[in-house]
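Welcome, and please take a moment to look over the structure shown here.

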Amino acid sequence: MNKKTLKDINFENKKVIVRFDFNVPISDGTITDDKRIKATLATIKYLQDHNAKIIMLSHLGRVKTEEDKQKKTLAPIAKKLAELANYPVTFIDETRGKKLEAAINNLKAKDLLLIENTRFEDLNGKKESGNDPELGTYWASLAEVFVNDAFGTAHRAHASNVGIATYIGDSCVGFLIEKELTMLNKIVLNPSRPFVAVLGGAKVSDKIDVIKQLLNKADTVIIGGAMAYTFMKALGYSIGNSLVENDKIDLAKELIELGKEKLVLPIDYVTVSEFKDIPGTNTKDCNIADNQMGLDIGIETVKLFNAKLQTAKTVFWNGPVGVFEMNNFARGTEAICETIANLKDAFTLVGGGDSAAAVGKFHYEDKVSFISTGGGASLEYVEGKPLPGIEAIKNKL
Ligand code: ADP
Ligand code: MG
C-alpha cells in the first residue's frame, strides 16, 4: 500500500486526531453491539504505547433536527470505550469551541478525548457531510497528525476524513483500514482462481457497477436475492409479484450479454402470495405464478450455486440470496454461508451489512476469512473506485 500507516509516523507527545467509526446501534442509551468499538482498540493501544495525545471523533447515525441530538450523542460511547480501553475518556459534548480547545490543551501523553458526534455539524448547513473547508481546517488545527481508521465512511468525502486530511501536516491510516485494504486487495488484485462472486440483496441499482467489474475480474458471478428477478424478467421469464426494477431491464440485458457463461442465475425459487414469514412453495422451474412472489432461491438453485462454489479459491459474497430475516426464506442464504465456510484453502470475504448479519445469524463468523466492516466502502473498492477518505491520506515517502 502506498499510503502511510501508523508505523510510518512518530507520535511521541504529539496531538493526534483520529477518525473512528463508532456508529454503533444504541437502544434507550444502551449500546447493543460494541463490535465497532472493540475494533478500534488496537489503533488506540498503539497510539497510547507511542505516547500520543489522542483526540477522537466519529459520526453516529444521521442528525437532521435539534431533537436528534439527544439520541445521537456519543456520551454512551465514551463510557463504553473507557471500560473497554481500561483508561478514562474525556468526553466533550461539543464539536468545536473553547471548552474543547482547553480540554485538548490539558491532554497528557496517552490521554483519550472524544469529541461529540461530527454530524451535529450537519445542522448548520451540512458542514460535516458537505466537507465544509472551514470545518475541516478547524478540526485539523486541533492536532498535528491525523489518523483515519473509519473504513465504513471512507467512500464519502466528509470534513472529518477528507477535510482534516487536506488541512493537516501529516496523516496515515489506522490498523482497521490497513487490514480492510489488505483483505480487499486479495479480491481486487490477482485473486487466486477460480474466483467466484456471489451477489444478492434487494436492488440491482445498488450493485450495477460491482457486477460489471466482477464480470471482468471473476470467473463466475452468481446472482441471487431480489436482484435476480430483474435479470429473469429481462430473459423473458414470468416473475409474478417479485421485486423488480423495470427501468433496469435493458441494463440487465447488457450485463447478461457481457457476462455470457460467467453469469449464473437461479433456476427455481421459494414463493408465497404475500410478504410474510409463512411456509412457501418451491417452483418447478424459473417461472413464478402471477399472484406469487419469490423470497428465496429454490432447492435446485441451492445445488447449482453450491456446485459453482465448490472449486473456488477466492470468494467475494455481497448480498443475501433471500429474505433471510424470515425463517421460511433463510435456507438459501444459510446454504451459501455453509458452503463458503466449508471451502478448503479458499480466501472468502463477506461484504455488506446484511450479508455480515446473515453470517452472524447462522454462526459462521469464525469460518470465513474476513468480514468487511464497510458495506458501501467495500463495494466501491471492489468496483475499482478510489475511496476519498483514503486517497486524502499522505503517501509513503
Ligand atoms: P447487503 O447489506 O449485504 O449489501 P442488501 O442491503 O443489498 O445487502 O440487501 C439485503 C436485503 O435484501 C435483505 O434485507 C433481504 O431481506 C433482501 N432480499 C433478499 N432477497 C430478497 C427477495 N427475494 N425479495 C425481497 N427482498 C430480498
Ligand atoms: Mg444492506
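Strand 14 (293–297) and helix 14 (353–361) each give at least two residues to the shell around ligand 1; helices (H or I, at least four residues) and strands (E, at least two) are DSSP runs, numbered from the N terminus. Helix 14 has the largest share of that shell, with three residues.

This is a predicted model, in which local features need pLDDT of at least 70, side-chain atom pairs count only at pLDDT 80 or more, and totals for chains, interfaces and linings use all residues. Residues are numbered from 1 along each chain as its sequence is written, chains are lettered from A and ligands numbered from 1 in the order in which they are written, and side-chain values use heavy atoms, with hydrogens and water left out.

There are 19 residues around ligand 1, and Lys 207, Gly 294, Glu 325, Asp 354 and Ser 355 come nearest; a residue is near when one of its heavy atoms lies within 4 Å. By class, the shell holds seven nonpolar, nine polar and three charged residues. Here Ala, Val, Leu, Ile, Met, Phe, Trp, Tyr, Cys and Pro count as nonpolar, Asp, Glu, Lys and Arg as charged, and the others, Gly among them, as polar.

Some polar contacts (pairs of N or O atoms within 3.5 Å) can be picked out. A backbone N or O atom of Ala 226 lies 3.3 Å from a nitrogen atom of ligand 1, while an N or O atom in the side chain of Ser 355 is 2.5 Å from an oxygen atom of the ligand. Ligand 1 exposes 580 Å² when taken alone, and the protein buries 84% of that; these areas come from the Shrake-Rupley method with a 1.4 Å probe.

Now to the charged pairs. How many salt bridges does a search of the whole structure find? It finds 22, each a side-chain nitrogen of Lys or Arg within 4 Å of a carboxyl oxygen of Asp or Glu.

| Salt bridge | N to O distance |
|---|---|
| Asp 49 and Lys 45 | 2.8 Å |
| Lys 80 and Glu 83 | 3.5 Å |
| Glu 94 and Lys 99 | 3.8 Å |

Asp 49 and Lys 45 sit four residues apart in helix 2 (residues 41–49), about one turn of the helix. Glu 83 is exposed at 54% relative accessibility, whereas Asp 49 is partly exposed at 45%; exposed means over 50%, buried under 20%, and partly exposed in between (1.4 Å probe, protein chains only).

Terms used: Polar contact = N/O pair within 3.5 Å; in protein donor to acceptor, adjacent residues only side chain to side chain.
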